[in-house]
Amino acid sequence: MTNFWSWFLCSVLWIASIQFSNGQEKIDFARDIRPILSDRCFKCHGFDDAAREADLGLHTFDAATADLGGYQAIKPGDAENSEIIYRMESDDRTEAMPPAKANKPRLTPEEIAKFKQWINEGAKYEQHWAFVHPRERTSNIERPTPNIELGENEIDFFVGRRLKQEGFNFSPEADPHTLIRRVYLDLIGIPPTPNQADEFAGKIKSEGFLPAMESVIDELLASPQYGEKWARHWLDLSRYADTNGYEKDRPRSIWPYRDWVITALNADMPYDQFTIEQLAGDMLPNATLDQKIATGFHRNTMMNEEGGIDPLEYRYHAMVDRVATTGTVWMGLTTGCAQCHTHKFDPITHTDYFALFALLNNADEPDLDVPTEAVHTSRADIRRQVRREEHDLMSKIDPDKFQKWLESEKAAVVEWKTIRPTEAKSNLPRLAILKDDSVLASGDFTKRDVYDLKFDLSGIEKPITAIRLEALPHPSLPAHGPGTAYYEGRKGDFFLSEMIAKIDSTKVGFHEPSISFGKIYIGSGKVVPEGVYDGNGSSGWSTATAEGRRHELVLNFKKPISGKVLDLNLLFERHFVAALGRFRISVSTDEKIAKARASDLDLATAEESELKRLYVRESPEFAEARKEIEALEKKVPAFPTTLVLRERPADNTRPTFRHHRGEYLQVKEPVAPAVPAIFVPIESEANRLNFAKWLVSEKNPLAARVAVNRAWRAFFGRGIVHTAGDFGLQSKLPSHPDLLDWLAVDLIDDGWSMKRLHKKIVLSRTYRQSSVVTPESLRTDPKNILLGRGPRFRMSGEMIRDSALAASGLLTQKIGGPSVYPPQPASVAAAAYGNTKWPAATGPDRYRRSLYTFSKRTAPFAAYLTFDGPTGESCLARREISNTPLQSLTLLNDEMFLETARALAASCFNPTEAFRQSEPAGLKIFRTVLTREPTDAELAGIDAFFKTQLARLESGELSAKDICGKDDPTLASWTLVARVILNLDEAVTKS
């Protein structure tokens, strides 16, 4: 009996091995079938009901196995009677699938064989891996047990297991100098000095490998340069730029958001909090200034300032970008594909898209002042100077002239009574009546806004003779108002085209108009007060160049009027948004003609010092003397501003509608805010804040995976999921799915700490491997998907420049502040709209880190673009990495790289600044740039090149002054050596 069972077991195992060797390994739907369905079938037979052909769906088991009138596309257990197999194998062009018009290749015999086997095995459909929470998936994987003695951690367990499955093993560890250079570049974005590299190598000998590694990693993670390096990755996602984009591409101030990112990363702000504050920081209880600044993430969208645009249409386009960006950054899904129709490949319907849209759509988009201590101090200093100048002039006042002026002014003043609106309506903006009876506008504005106001006059006993409109500033308005202009014109400007008054429904006429100040910025610069009631919409009142101040318009009635109700109709019409943001209405019953006054000082109750200050300010006698005061006031700096989101009030929510085919003008039914139906819904109120919280909750299976994958790609040049912004059905399968899920869960359980994740990766044996490529690994795994060797890829343009600046000693170590202008060819910016200038910095700003380079969308910094840098026009989940001759030409000839070569040569040639005074300049230059020691052959090559160039310089073939700025052939020769070494492949590659 024992012999029988032994024979039986061996037979079973033998049969199983024959089946396995004949390709009969059980079919994995996610690995073998779904990718083919997604690539060849889902476009016509997928999730989009409207585009589905022949009423056949292959995206779900129920749809694929439905009765189609006596037959089934897929008949579980019976491949031969499944219509899909017949169509796949058919030679009839009218029946074959995929059809020729799909422009997709026919299935290969091997692929068809997989489908047959899968159908015969029951045609089981499985949920796409990315839509299952990683915590659920990790519960079914083997617990990682790394080999601690070999310096491995959990990452190495998963990578090593896959390598063994493929018949490989880890590569040897990189040498200390290569490894320390790699770690520095990855964590802070600049290379170590030779001294730092030598110190690390010494620590390895004295303390051991891992303690030395952990020590330097902790030091770098604590460095403020860590946040600068990793902010660049995030700014690619947030489509950061310093200009608006589109045609005019004017500058914008949003650098405080960039600085917030740096600060948050340096503080290791948990990624869930990092997410919530950027998407909805303004909605947090008692939101801080920093939390409001964080919402600049979604203000990085472009803004069109062309004269003929509809501002609401381009706001819609900005929202389209925000939905797509949110999907890419936190969901790893191409949500933007569902803007025009239900997603062809992923389970996101057209309505789902606009439900996501609605979650982000209920916010206004103001500018926010960012007070700084430096600006506070400067403003206070200048105002003290102004006060001193005023007091000096006040001491010189002629009492008789002053008294005469005061009597004249008092005689001209009329008494005003503020009237509070009983009703304030508009075509679209929200009009709120404030405690001081002023009206504050907010919300959405158009190029033709109409305000309708009603006032109860029953409390006014005498006939009304004049009306006054005060245009008032407010901190919520662009440039503090009083207008709402935010593009094309000056921020805070307005243009009152027409003002119509009716008493008890009867229109009344005006005469003797006056204004305290008037200027039109675009078009005619002269304001004629009569323009506000001449029936011509192109004439009117504006106060351009005097934003942030109070102004008034006074209109006298042709004859005194009496009545119960005053109706005022205010028309603001321009080729850009130009409505009033805050204003107040007053009336007078005085019989004399009312005149507008620049000051609202009450002459009857004001103190003498206030009256004298006004006299100095307005009297012709001091016109010349006060020019110095006016010049000082022009120097008062404004606070920096940044762009933020602000949730709209409950009484003015913005509705969202489905737009047919995604077209702005094709408005259909309203859509309520929600996440796509495939996910667990938001339990609480579906708003922007709760959506942000949902994204980083256990309900979203994607956020942690996407974050981990981004980090992995930054270190290894390739993500565990190669399609960085797409984890959907069209994505590449993870190369190490268990590792991805384990890291995602570990990130969550580790408090969403990105620094801890980075440390774990850098400490791994996987990361520490040599990047030397053997012929065997090049043949079997050319893209290093199995991770059997260390990372090696060309650095970004920003890192290349920063490394060169650091090596040359020019790098300015200053964090934050407005963007700067390093040198580049003037023709780059000039090619953009308006022949834009590029005022290259001449001081320390010239050598700031590349993170701070002014980013113009229509003319990106040329050197970075040459190295595949972003334009800031849209979210960039993964930069391409190319190697082109133009890159080498840039390194050799660009002015900023020439400057670094000169400085590097000068610092290494000068023995007082050399780190090893006994070493020749060639060795110093080599080590400063490349970290490692050169070989004898490399030193010989440097020496030969130096001598050749020196001979050319001494013979007059080359000009030393042109090369190094001095008539010094030796220094010029070393400059040429530095120029070549900075251009080496090793200098621009993380190895």
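The model is predicted, so I kept to the rules: local features need pLDDT of at least 70, side-chain atom pairs count only at pLDDT 80 or more, and totals for chains, interfaces and linings use all residues. Residues are numbered from 1 along each chain as its sequence is written, and side-chain values use heavy atoms, with hydrogens and water left out.

**Entry 1: strand S12**

I noted the terms before going on. Strands (E, at least two residues) and helices (H or I, at least four) are DSSP runs, numbered from the N terminus. Two strands pair if DSSP finds at least two bridges between them.

Which strands pair with S12? I found strand S8 (residues 464-471), joined to S12 in the antiparallel sense over seven bridges. I also found strand S11 (residues 510-515), antiparallel to S12 over four bridges. There, Phe 510 has Phe 557 of S12 as its bridge partner.

Is S12 largely enclosed or open? Eight of its 11 residues (551-561) are buried, so the rest of the structure largely encloses this strand. Buried means under 20% relative accessible area, exposed means over 50%, and partly exposed lies in between (1.4 Å probe, protein chains only).

**Entry 2: the five-stranded sheet**

Next I looked up an open sheet of five strands. Their order is S4-S7-S13-S9-S10, and the pairing is antiparallel. Why is one side of S4 and of S10 left without a neighbour in the sheet? Strand S4 (421-426) and strand S10 (506-508) stand at the edges, and each has a single partner strand, so one side of each has no neighbour there. From one strand to the next, the twist averages 25°. Angles run from 0 to 180 degrees between N-to-C directions, with axes as lines fitted to C-alpha atoms, for helices over the stretch in contact.

Inside this sheet I checked S7 (residues 448-456) and S13 (residues 565-573). Nine bridges join these antiparallel strands. Asp 456 stands opposite Val 565 in S13.

**Entry 3: cavities**

I counted six cavities of 30 Å³ or more. A cavity is a set of points, on a 1 Å grid over the protein atoms alone, where a 1.4 Å probe fits but cannot get out; lining residues have an atom within 4 Å of a point. A volume is the space filled by probe spheres set on the points, which are joined across faces, edges and corners.

The largest cavity holds about 160 Å³ of space. It is lined by 14 residues, and Arg 232, Glu 798, Ser 855, Tyr 864 and Pro 870 are the closest to its centre. I sorted that lining into seven nonpolar, five polar and two charged residues. Ala, Val, Leu, Ile, Met, Phe, Trp, Tyr, Cys and Pro count as nonpolar, Asp, Glu, Lys and Arg as charged, and the others, Gly among them, as polar.

The second largest cavity holds about 90 Å³. Its lining has 13 residues; Ser 803 and Val 929 are among those closest to the centre. Helix H27 (797-808) and helix H32 (921-930) each give two or more residues to this lining. H27 gives the most, with four.

**Entry 4: two buried residues**

I found Asn 244 in the loop between helix H11 (224-237) and helix H12 (255-266). At 5% relative accessibility, Asn 244 counts as buried. Leaving aside neighbours within four places in sequence, its contacts (heavy atoms within 4.5 Å) include Asp 249, Met 302 and Arg 857.

Asp 259 lies in helix H12. With a relative accessible area of 14%, Asp 259 is buried. Not counting residues up to four places away in sequence, Asp 259 touches Gly 816, Gly 817 and Tyr 852.

Key. 1 Å grid on protein atoms, 1.4 Å probe; cavity = no way out; pocket = protein on both sides within 12 Å on 5 of 7 lines; lining within 4 Å.
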